[in-house]
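Keep the sequence and the model side by side while reading.

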Amino acid sequence: TPKMLIAVYLFGNIDLETWNGLLLWTAILCGFFFLLRCSEYLRKYAKPDEHKCVRIRNITFALGNASDECKLNQPCDEVIWYHEYDKNDWLGVGSGDNIKLTKKDPRQCIPSHFNRLRGMNPEFFSDRNGDAFVFTQEDGKVLTAATVERTLRDASLQCGLDPRVISSHSLRAG
């Protein structure tokens, strides 16, 4: 829930000044607001799912209602997320979603957090045809579902929830 997201932000011990911390928070937001299953953006096992896990080439950072990529040094106001292998894609063409910049609650603004990530490591986002997975940590490994789950469970205690019923399988706002 949005209440749980704020608990994660406040009590999840996430250092938003570091690459890995900001990456974790942005991944949690994307999982929730883009209705993702963990295999679509995280690593569940030794390696991420080669087909489902979103890559840099699948993200467009747009500006001013354009569907084209804005310049790397230019803040975007929209993140467009393309799923090459969406679970519900019976036509086999993939699917896309987008999220615009919001000032309602900056803590939950996905474009703002991606802008900060892009500023921290522009080289990571510079290869638009790249095969790199979006949520790759400083050590070169994709963020794990277990890390997200542990962070959610820690914050669930602040919401009075039983952490044993919290999972990272599907952080879905729907």
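Predicted model: local features only at pLDDT ≥ 70, side-chain atom pairs only at ≥ 80, totals over all residues.

Two strands are said to pair if DSSP finds at least two bridges between them. S2 (residues 78–83) and S3 (residues 95–100) pair in the antiparallel sense, over 6 bridges.

The helices come next. Two packed helices are described by the angle between their axes and the distance between the axes. For H2 (residues 19–33) and H3 (residues 110–120), the angle is about 150° and the axes are 10 Å apart. That angle makes H2 roughly antiparallel to H3, because angles over 145 degrees count as roughly antiparallel. The crossing in which H2 passes H3 is left-handed.

Which residues of H2 and H3 meet? From H2 come Trp19, Leu22, Leu23, Trp25, Thr26, Leu29, Cys30 and Phe33. Their counterparts in H3 are Ile110, His113, Phe114, Arg116, Leu117 and Met120. Sorted by class, the contact of H2 with H3 has 11 nonpolar, 2 polar and 1 charged residues. As for spacing along a helix, an α-helix has 3.6 residues a turn, so residues three or four places apart point the same way.

H3 also has buried residues, namely Ile110, Pro111, His113, Phe114, Asn115, Leu117 and Arg118. What do the buried residues of H3 pack against? They pack against H2, the strands S1, S2 and S3, and helix H4 (122–126).

Two asparagines in loops remain. Asparagine 13 lies between helix H1 (2–11) and H2, and it has a positive phi of about 55° although it is not a glycine. Is asparagine 13 buried or exposed? Asparagine 13 is exposed, because its relative accessible area is 73% and the cut-off for exposed is over 50%. Asparagine 65 is found in the loop between S1 and S2. The phi of asparagine 65 is likewise positive, about 60°, although this residue is not a glycine. With a relative accessible area of 64%, asparagine 65 is exposed.

Methods:
Residues numbered from 1 in each chain as written. Heavy atoms only, no water. Axes fitted to C-alpha atoms, helices over the stretch in contact; angles between N-to-C directions. Helix = DSSP H or I, 4+ residues; strand = E, 2+ residues; numbered from the N terminus. Parallel < 35°, antiparallel > 145°, perpendicular 65-115°, else oblique. Left-handed = near helix turned anticlockwise from the far one by under 90°. Contact = heavy atoms within 4.5 Å. Nonpolar A, V, L, I, M, F, W, Y, C, P; charged D, E, K, R; others polar. Buried < 20%, exposed > 50% of the residue type's maximum accessible area, 1.4 Å probe, protein only.
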